[in-house]
Amino acid sequence: MKIERNIFYWMMIIGIILSSCVKDKEFDAPDLECSDAVFTFISISELKNMYNGETIQIQEDLVINGYVISSDKEGNFFNIIHFQDEPSNPTDGMQIELELRDAHLFFNVGQQVIIKLKGLYLGESKGVYKIGGVFTSFGNRSVGRLPKNVVFDHVLISCKENVGIVPTSVKVSEINESMLNTLVVVTDVEIKQEELGETFAIKEEETLRTLIDCDDNELVIVNSGYADFQAEILPDKMGTATGILTMDNNKFQLIIRSVDDLSFNQERCEDLIDEFTSSSIFISEIADPDNNAGARFVELYNASVESLSLNGWVLERYTNDNSEVSSSIDLSEYIIEANGLLVISPNSEEFKNVYGFDPDIAVGTNSPADSNGDDTIVLVDPFGRIIDIFGVIGEDGSNTDHEFEDGKAVRKIEIVSGNPVFTITEWTIYNDTGDEGTINQPQNAPLDFSPGVR
């Protein structure tokens, strides 16, 4: 009986020990006394001004304060706290790196913290300022994590009441560097169409997803592959995204604290139709001057009475008898005005020297604008359709009716639309050795050419 009682008691003790183990992060935070000590503070801006281009250790008894805006509760932040200078309408923000897991148990969002700077290191990376410990690699110092045994010697909790944080409302197009390391709420955004159905992040990999507004302005959102919400599917509606604004490679990025930071309950933007086709756009002149290969060009004309976007349009070159595209020019960023011309040059400096003005589009050598007269030039719309063509794909132009070597090919003035089939009667062609229907008369720049004039 005694043995049985001992076994029973030991089982009770083991049960109590096991039940007391904490496996969930939702336990009460340790009690920390707040500080109501009186300090003389410097501003975050003044601290940043101390940075001289290299990581430095702060030697003076300086103190800053700020309001916590990040949280590691769901794992999208790790060993870092972001803070800004005011709970609303902030003018500055930065971050402190520290060895402290579950920092949200000590520092709540909206809580004012007081940071003693003496002994800490100040640095900057990719436009974001940070303080913390030091990390040295190959003799170069950078800001690293503040060791956990000294975290609470430097970072104090203010006794000031936590009134919460009011994020700065902003559109994607309005984001600027003054908002870095502050909490913002980006309005009227949605996940980019191509990423719908994906998870927030790839497991155990930092993953970039894309927010986009109805005007196609984009903002990268950064998600940790270790975040609690890593495997959740990205929302397919539109709304607001709240997070800390950071920067990488001169591009703004947003880091959310949880999926609750995305409030997507509106219908998505209607597809913005900005790709058009039109047979009114066509090739009006191709030049290969006999006296100056640097003065070559291709000219496009819009016979329409309205300006047209070239978004998605491509100009292609099939060299010699190639049946595959040799080079191409993406025309997407250009608009061609009503009854207007676009002149494309492979040598903009020489073009200006010869013709006296800058081309509309400057491209490189060996491009469609740099043909030596025996190639095929093709204009393709956003939907992959050939709108206009000079030459025959797969046929070398030498000694044919589509040779313009040492000369030019000019569209006759009565032609007002493109033609997906090369038709010699639409062109006046000059060359040195072309076939019947062409004029064997080499042309010299600038006198024999008229770029920019229809």
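The disulfide between Cys 34 and Cys 159 is right-handed, because the torsion about its S-S bond is about 90°. Please keep in mind as you look around that this is a predicted model.

**The Cys 34–Cys 159 disulfide**

- The sulfur atoms of Cys 34 and Cys 159 lie 1.9 Å apart.
- This pair ties together distant parts of the chain, 125 residues apart: Cys 34 sits in the loop between α1 (2-20) and α2 (44-48), and Cys 159 in the loop between β9 (155-157) and β10 (168-170).
- Cys 34 has a relative accessible area of 39%, so this residue is partly exposed.
- Cys 159 is partly exposed as well, at 35% relative accessibility.

**The Cys 214–Cys 269 disulfide**

- Cys 214 and Cys 269 are also bonded, with 1.9 Å between their sulfur atoms.
- Here the torsion about the S-S bond is about -85°, so the disulfide of Cys 214 and Cys 269 is left-handed.
- Distant parts of the chain are linked by this pair too, 55 residues apart: look for Cys 214 in the loop between β12 (207-212) and β13 (218-223), and for Cys 269 in the loop between β16 (262-266) and β17 (281-287).
- Cys 214 is partly exposed, with a relative accessible area of 33%.
- Cys 269 has a relative accessible area of 14%, which is under the 20% cut-off, so Cys 269 counts as buried.

**The pairing pattern**

- If you number the bonded cysteines in sequence order, they pair as 1-2, 3-4.

**Confidence along the chain**

- The average pLDDT of the protein chain is 92, and 92% of the residues score at least 70.

**Space inside**

- The model has 1 cavity of 30 Å³ or more.
- The volume of the largest cavity is about 50 Å³.
- Its lining is made up of Val 68, Ser 70, Ser 71, Asp 72, Ile 80, Ile 81, Ala 103, His 104 and Phe 107.
- By type, the lining of the largest cavity splits into 5 nonpolar, 3 polar and 1 charged residues.

Terms used. Residues numbered from 1 in each chain as written. Predicted model: local features only at pLDDT ≥ 70, side-chain atom pairs only at ≥ 80, totals over all residues. Heavy atoms only, no water. Disulfide = S-S within 2.5 Å. Helix = DSSP H or I, 4+ residues; strand = E, 2+ residues; numbered from the N terminus. Buried < 20%, exposed > 50% of the residue type's maximum accessible area, 1.4 Å probe, protein only. pLDDT = per-residue confidence, 0-100. 1 Å grid on protein atoms, 1.4 Å probe; cavity = no way out; pocket = protein on both sides within 12 Å on 5 of 7 lines; lining within 4 Å. Points joined across faces, edges and corners; volume = space filled by probe spheres on them. Nonpolar A, V, L, I, M, F, W, Y, C, P; charged D, E, K, R; others polar.
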